[in-house]
Amino acid sequence: MWNPNLATFSKLAQSDKTFNIVNGIFNFNLFPNPYQLSKALATLVRENDWKTYTIIYETDDGLIRLQELLKVYNPKDPPVMYRKLGPGPDYRSVLKQIRAKNVLQIILDCKTDNIVNILLQAKEVKLLEEYHAYLLTSLDARTIDFSVLGDIKTNISIINIMNQNGLEKAIRNWELETYQPVQLSSKDIKINTALMYDALNLFINSYSQLDRSEELYVKPLNCDPHAISSHGYPLAAFIAKKNMTFGRLLGPPLSGPIAFNKFGQRSSFQLEIMELKNHKFRVTGTWDSNNPNMINSTITSEDREKEKVQEISGRMFKVVSRIGPPYLMRKPPIEGRPYVGNNRFEGFAMDLIDEICKILNCTYQFEIVPDNNYGSYDPKKKSWNGLIGYLLDRKADLAICDLTTTYERRKAVDFTNPFMTLGISILYAKPNKPPPEILAFTNPLSLDIWLYMATGFIIMSLIIYMAARLNPDEWENPHPCDPNPVELENVWNLKNCFWLTLGSILGQGCDILPKGISTRMVTGMWWFFSMIMSACYTANLAAFLTMERMGPTIKSAEDLASQTKIKYGCVRGGATSSFFKDSNVTTYHKMWVSMESADPSVFEKSNDDGVKRVLSSRGAYAFLMESSTIEYEMARHCELVQVGHWLDTKGYGIAMPTNAPYRTGLNQAILELQEIGKLQELKQRWWEEKNRNSDDCKVVEESGDETAELGLDHVGGVFLVLACGIGVALVIAILEFLWNVRKVAITQRTTLMEAFIKEKNFALDFRARQKAGCPPPLEPAKKKSSN
C-alpha cells in the first residue's frame, strides 16, 4: 500500500526545509506558513492602531510565530512588553506585573487548553475589563466556551481558518456514513482534526484525478521491507501544482483553499477575524495571504460607532470630580433638608453630564476625588494622583471638571473632544486709585516750583516797579492839553505792577503796558517765562489725568518676565506649571526659572489660593491660570483684571480610561451640544446668571469705560480756589465799603450810621448809574473875640 507523508502539524511548519527528499519521502505542509500567519497578526495589530501592547507567550516557539510583530515595531512608538508565563497553573504574578504597567492591549500566545485558566486569573487581577482588548493567536480559540468567564465586556478577538460550510458538510457526510446522528458541532472540530481531514481529502482527490489522466497500477506491498511506490514522484508533482478548492468525494477543504509553494509550504489560505460578542463569536473581517497587508472589514466603522452608542443606553457612569467653582460646588445646606447623592453638588460639570445623559439615555453618580487634585505624575513613586490616578485605578468611568488635556495626561488616559476652549492668561489686580486730592490741580508742578514761581512773581513785580521809576519814558503828562505840565505822573505803582505780572502768567494780559525799553525788556522776559511755565503745567496736568485712568502696569507675559518687582506664579503640579516647565520659548522658560527660584514660593495649591493672593498683594503678585477661570473670578471680584492675550490654546475635555468604548458616544453628544449652542448657554448660566457679583462688575466696567470725563473730585480744588478768591474779594470789598463810609461821615460831618445807611441804599439801588462826588470838607467856624 502506498502512503505519501502529508505533514499537517505546526512542528513541521517551523522547519525551512519542509519539502525535501529524505529516503524518498515527500513532505507537504497543510498548516499555515508561520511567516504568513505572523504577517496576518501584524496587519491586524496595525489596523487596530495598537501603539503599545504586551505579548504574553507560553513557550519560546511563540516568539517565532510572532516574528513579524517584532518587525512592525517603530522605535518612536511606546515600548512593547514581552512576558513569559512560566510554569503554571498559577500565572497571577505575571498578570499583576502587567496590570501594574496599565497595559490595555494584550496578545496571548499559549496552548488552547490554558486560555480559559489564564483569562480567569486575569479577571481576578482586574485585567479583563471593558477597557482591555485581547488577541488570541491559537487557531483553536473558536472551540473554547467563554461563558465560564461570566459577563465580561472585554474585547476578545481570535483568528479562524476553518470553513464553516466545509465543516457542516463534513459532519453531514459522517452522519450519512454512520447512518446515525453525530453528536458533534462545527465548533468542536479542532485544527489538527481539520487538517488531517484536508490531507486525506487532498490525497484522495489528487489520486483520483491523476488516475483518470494515466492509469495507476497499485501492487501489493509488504509492510516489513522499506519499499516505495513507483507512483510517488508523479503524485507528489501533481499535488505540488494543484490548487484545491473542492473535493469530489469529501467536499471543500475544512481549512479553505489549499495551494503549495516550491518548498511544499502552504502558500494560500484565508483567515477570519472573529470578535466575542454576547458570548458568541462574529466575523468582523477577513485576511487573505494573497493580500497580506490589508484586513477586509465586514463591519463598517459607522456600524461600530452605532453599536458603541447603543451600548451606553441605560448605563450608569461613575463620575469623579473635584470641588472648584463654578465647575462643581457643594450646595449650601438647608435646615431640615439633608442632601444625598448627586443632589449634594451643583455646577457646570453637573449640568454638562446631565445634558450628555439626556442625549445618550444614561445615568451618572458623582463623587469627589479625596486629594482634590487634577492629576500629576510623581516620577519617584511612578504613579499619578488626583483625578488621573482615580481613573487609572478604575474607581471611576469619567472625570469631569476644568481638567486640561495635556500630552502627559493623554498618554495615561483618554479625553473627549474639548467642551471648552481656552488658554493660559495673567490674572492681576486693578491698581487701587487713591481719592483725588482737593488741590490735585497743583500736582503737575512740585511744591518747590510753586514757591519759586510765587517768589518770582513778587520779585518781577518789584523789578518792573523800580525799572518804571528809573525809566523817564514811564513818566507821563497827566494833562495832555497842557504842553508844559508842572508835574509828571507814573502809572506803574505797586498795584499796577502786580496786576501786570499776574495777568501775564494767567494768560489774560493787562489794560496798561510799559513804554520804556527797559521796562518792555523786563516785561517780555516775564511773558516768555510765563508762556513756558503755562505750557509745562498744561502738559503735565493732561499726563497726570491720563495716568489716573491707565490700567495695570503690565500688559503681557514679556512685561512680567522683564521685571522683578511684581512676583508671579501658578498652581503647583498643574497643567499651567507643566506648560512653562516644558516650554521651549525663551520668555516662558525664563518665567519658569524665575518662579522656581522665588523665595518665598510663588506657587499655590489651588486657583482659589492664587486669587486670594492676588487680591491681598495689592498689585505685587500676578497669577497665571486658565482664561475661563479668570473670566469667572473677574465676574466675582470687580477689582481683578485679565492682562494680555492667551499664551497658548488648549481645551477642557472629559477624561476616561484608555480604550474606553463609550468615548465615541460622548464625543457625539458634546458635538451636538456645541451645535445647538447648549455649551455656551451653560457657561453663561454659571459665569453670569448664577454669579451674584457679575452685574455689579458690569456696572463698574461700563462706568469705567466713560472715564474720559473729569469728575468733581478731579477739579474740586479749582472750585475751592475760586470760592476762596471770591470770599477774599468780598471781604476786601466790605472793608473798602466800610472805609468809604467812614470817609463820607468825616467829610459830610454825619454819623457813621447815617453815612452807612446812605451808602448802603445807594449800593442796593441797581438802577442808579451815577454817584455824586464827595464835596470838600467843611471848614470849622471861627470863634468871635470877646471884644
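**The binding site**

Glu626 is found in strand E25, residues 621–626. Helices (H or I, at least four residues) and strands (E, at least two) are DSSP runs, numbered from the N terminus. This is a predicted model: local features need pLDDT of at least 70, side-chain atom pairs count only at pLDDT 80 or more, and totals for chains, interfaces and linings use all residues. Residues are numbered from 1 along each chain as its sequence is written, and side-chain values use heavy atoms, with hydrogens and water left out.

Glu626 counts as buried because its relative accessibility is 7%. Buried means under 20% relative accessible area, exposed over 50%, partly exposed in between (1.4 Å probe, protein chains only). Leaving aside neighbours within four places in sequence, Glu626 is in contact with Thr404, Leu422, Gly423, Ile424, Ala575, Thr576 and Tyr652. Contact means heavy atoms within 4.5 Å.

Thr576 lies in helix H18, residues 575–582. Thr576 is also buried, at 5% relative accessibility. With the neighbours within four places in sequence left aside, Thr576 is in contact with Ile424, Cys570, Leu624, Met625 and Glu626.

An unreviewed UniProt entry places the feature "binding site" at Thr404, Arg409, Thr576 and Glu626. UniProt positions are given in the numbering used here, feature names are shortened, and annotations may be inferred rather than shown by experiment. From this set, Thr404, Arg409, Thr576 and Glu626 belong to the lining of the largest cavity. A cavity is a set of points on a 1 Å grid over the protein atoms alone where a 1.4 Å probe fits but cannot get out; lining residues have an atom within 4 Å of a point.

Terms used:
1 Å grid on protein atoms, 1.4 Å probe; cavity = no way out; pocket = protein on both sides within 12 Å on 5 of 7 lines; lining within 4 Å.
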